[in-house]
Amino acid sequence: MGFAVAFCVLAITVPIFTLDNGLMRTPPMGWLAWERYRCDIDCQNDPKNCISEALFRDMADRLSEDGWRELGYVYINIDDCWASMDRDANGRLQADPKRFPSGIPHLAQYIHDRGLKLGIYGDMGTHTCGGYPGTTLDDITTDAQTFADWEVDMLKFDGCYSNAKEQEKGYPAMSKALNATGRPIAYSCSWPAYQGGLPPKVNYTQLGEICNLWRNYGDIQDSWSSVLTIADWFFNNQDILQPAAGPGRWNDPDMLVVGDFGLSMEQSRSQMALWAIMAAPLFMSNDLRTISSGARTILQNRVAIGINQDPMGVQGRRLLVEKSGIEVFWRPLSDKASALVFFSRRTDMPYRYLTSLAKLHYTHGTYQIYDVFAERELGPLKDSTDFVVSVNPTGVVMWYISAPADADQNSAHMGEKLRGPALHRKSDGILL
Ligand code: GLA
C-alpha cells in the first residue's frame, strides 16, 4: 500500500476526538448564578437576590447594556434550585411556579432577544446537590428534549446522588440525547469532579468526545484561599489536564469570583490572569447591578479576554516555581504570540523579579511586550536582555508578547487586533 493510501485509510479510521456539536471553539464566557446566589429561594425577604426569573432578567439586562456581551460574555446560566420539587403529569421537569411564573421558555426568549444564550442546570442522579429533582438514567431522553423544547443553549450536568456506574452510563447518554434533539446545546459535565479529576478513573479522551467543558475539581468559594487551592490543583496536574483541552473541550476550574467580597484587586487580577492562561471558561458569579468599577475593569480587560479566547485554544502551563515565591506561567497564542504571567505568593512587599525571556525558553529575537493590566506598551525586548518585573503580594504582572519582528511580518500587529483600536500605545521603556 502506497503512503498516500495508507494515510487516507488512517485519516478515515482515526476518530475525531471532540464533541461534534461545533460549539465553544473558544472557552465559553458569561454569568452563572451559583457561587454568589446559591440556593437562595427566599423571594419574600430577599427579592433582589433569590433564584427567580427576575434575577436572570436583571443580569441579562446588565450583560447586554453594560458592554459585557460585546466582549463575549453571552451566557446567562441558571444553576441549582430553579425547579419545582415535582415533575409535571408527563414526567417533565418544571420550573418553580412562584419564582419563575412566566416559565423557562419565556425567559429564554427574553435572553435571546438580547443576543444572549441561556444555560440551565440538571443533575445525573436521583436529586440535584440542593435536593431538587435529578435526572436518573430513565429520565435522560425526556429531560434533554425538555431543555431543547425550552430553547436552552447549554446544560450543566451535575453528579450528586449517583454512583460511578450510573455516571459512566449517564454522562455519555445525555450527550447523545442532547445531540439527538437537533438543537445545539453546549454540554458541561461535572463527571470528572465526582471521580477525583484524574486518570485512571477519569478518561479525558472520552470527555473530549462527549462534553464541551467539564468541572475537574471542587467548588470555588468567595475567598483567596479557594482560588489558590484550585489554581494549585490545576497547575500541579497540568501534564494530565493541559493536553485534554482544546477548541470545543475545556477544563473548568469553576467560576470567576471577581466582583464579590473575598478577593482584593490584586487577587482579582490574579484570578483573571490565571484563568486566561488556563483557557478556562469565564463564568462570572457576581452582582452585575452593583459591581465596582475596579472589578469591572479587570473583567472587561480586552487583552486578558483576548488571551483567554485565543483561537488556537492551547491551554497554558506553569513554567517555574521559584524559591522566592514567584511563579511564572506561559500560554502559546496564535500568530506566534504568547502570554506570560508573573505571580507572587509572597505576603510581604512587591518583589523585584529578575529574569530574561531566554531564561523563560524564548527563542532568539526581539519581542514587543504589552503589560495587560497596566494597559501599556513596554517597548521591544531582546530575549537575552535581563529585566525586572515588580510583582505585588498575591498579585500578577501579565504580559502579551507579540511574535519577534524577525519571525513573521504578518503577525507583528496581533497585539493591535487584541486590544482594539481604542487604546493608546506608549513606549515607556521596559522596566516597571
Ligand atoms: C455542586 C456543584 C456546584 C453547584 C451546586 C448546586 O456543588 O459543583 O457548582 O452547581 O452543586 O447545588
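This report describes the predicted model shown above, from its overall composition to its helix packing and selected residues.

## Basis of the model

The structure is a predicted model, in which local features require pLDDT of at least 70 and side-chain atom pairs count only at pLDDT 80 or more, while totals for chains, interfaces and linings use all residues. Residues are numbered from 1 along each chain as its sequence is written, and side-chain values use heavy atoms, with hydrogens and water left out.

## Overall composition

The protein contains 15 helices and 16 strands; these are DSSP runs numbered from the N terminus, helices being H or I of at least four residues and strands being E of at least two. Of its 432 residues, 56% count as buried, where buried means under 20% relative accessible area, exposed over 50%, and partly exposed in between (1.4 Å probe, protein chains only).

The accessible surface of the protein is about 17,900 Å², and 53% of this belongs to carbon and sulfur atoms. Among contacts between residues at least 6 apart in sequence, 72% join residues at least 24 apart; contact means heavy atoms within 4.5 Å.

## Packing of helix 6 and helix 7

Helix 6 (residues 140-149) and helix 7 (residues 164-181) have axes that come within 9 Å and cross at roughly 40°. Axes are lines fitted to C-alpha atoms, for helices over the stretch in contact, and angles run from 0 to 180 degrees between N-to-C directions. Helix 6 and helix 7 are therefore oblique to each other, given that angles under 35 degrees count as roughly parallel, over 145 as roughly antiparallel, 65 to 115 as roughly perpendicular and the rest as oblique. The crossing of helix 6 past helix 7 is right-handed; a crossing has this hand if the near helix is turned clockwise from the far one by less than a right angle, and is left-handed if anticlockwise.

From helix 6, the contact involves Ile140, Thr141, Asp143, Ala144, Gln145 and Ala148, and from helix 7 it involves Gly170, Ala173, Met174, Ala177, Leu178 and Thr181. By class, the contact comprises 7 nonpolar, 4 polar and 1 charged residues. Here Ala, Val, Leu, Ile, Met, Phe, Trp, Tyr, Cys and Pro count as nonpolar, Asp, Glu, Lys and Arg as charged, and the others, Gly among them, as polar.

## Packing of helix 10 and helix 12

The axes of helix 10 (residues 224-236) and helix 12 (residues 265-277) lie 11 Å apart at an angle of about 20°. Helix 10 and helix 12 are therefore roughly parallel to each other, and helix 10 passes helix 12 in a left-handed crossing.

On the helix 10 side, the residues that meet helix 12 are Trp224, Val227, Ile230, Ala231 and Phe235, and their partners in helix 12 are Gln267, Ser270, Gln271, Leu274, Trp275 and Ile277. This contact has 8 nonpolar, 3 polar and no charged residues.

## His112 and Glu151

His112 belongs to helix 5 (residues 104-113) and is partly exposed at 23% relative accessibility. Not counting residues up to four places away in sequence, His112 touches Lys117, Leu118, Glu151, Asp153 and Arg183. His112 and Glu151 are separated by 39 residues in sequence and by 9.3 Å in space, C-alpha to C-alpha.

Glu151 is situated in the loop between helix 6 and strand 4 (154-158). Glu151 is partly exposed, with a relative accessible area of 38%, and its phi is near 65°, a positive value in a residue other than glycine.

Asp61 is part of helix 3 (residues 53-65) and counts as buried at 16% relative accessibility. Apart from neighbours within four places in sequence, Asp61 is in contact with Tyr110 and Arg114.

Ser324 occupies the loop between strand 9 (317-321) and strand 10 (326-332). With a relative accessible area of 17%, Ser324 is buried; leaving aside neighbours within four places in sequence, Ser324 is in contact with Arg346 and Tyr351.

## Backbone features in loops

Thr394 lies in the loop between strand 15 (387-391) and strand 16 (396-401). Although Thr394 is not a glycine, it has a positive phi of about 60°, and it is buried with a relative accessible area of 13%.

Pro199 and Pro200 are joined by a cis peptide bond with omega of about 5°. Pro200 is found in the loop between helix 8 (191-194) and helix 9 (204-210).

Methods
Areas by Shrake-Rupley, 256 points an atom, 1.4 Å probe, with all protein chains shown as cover.
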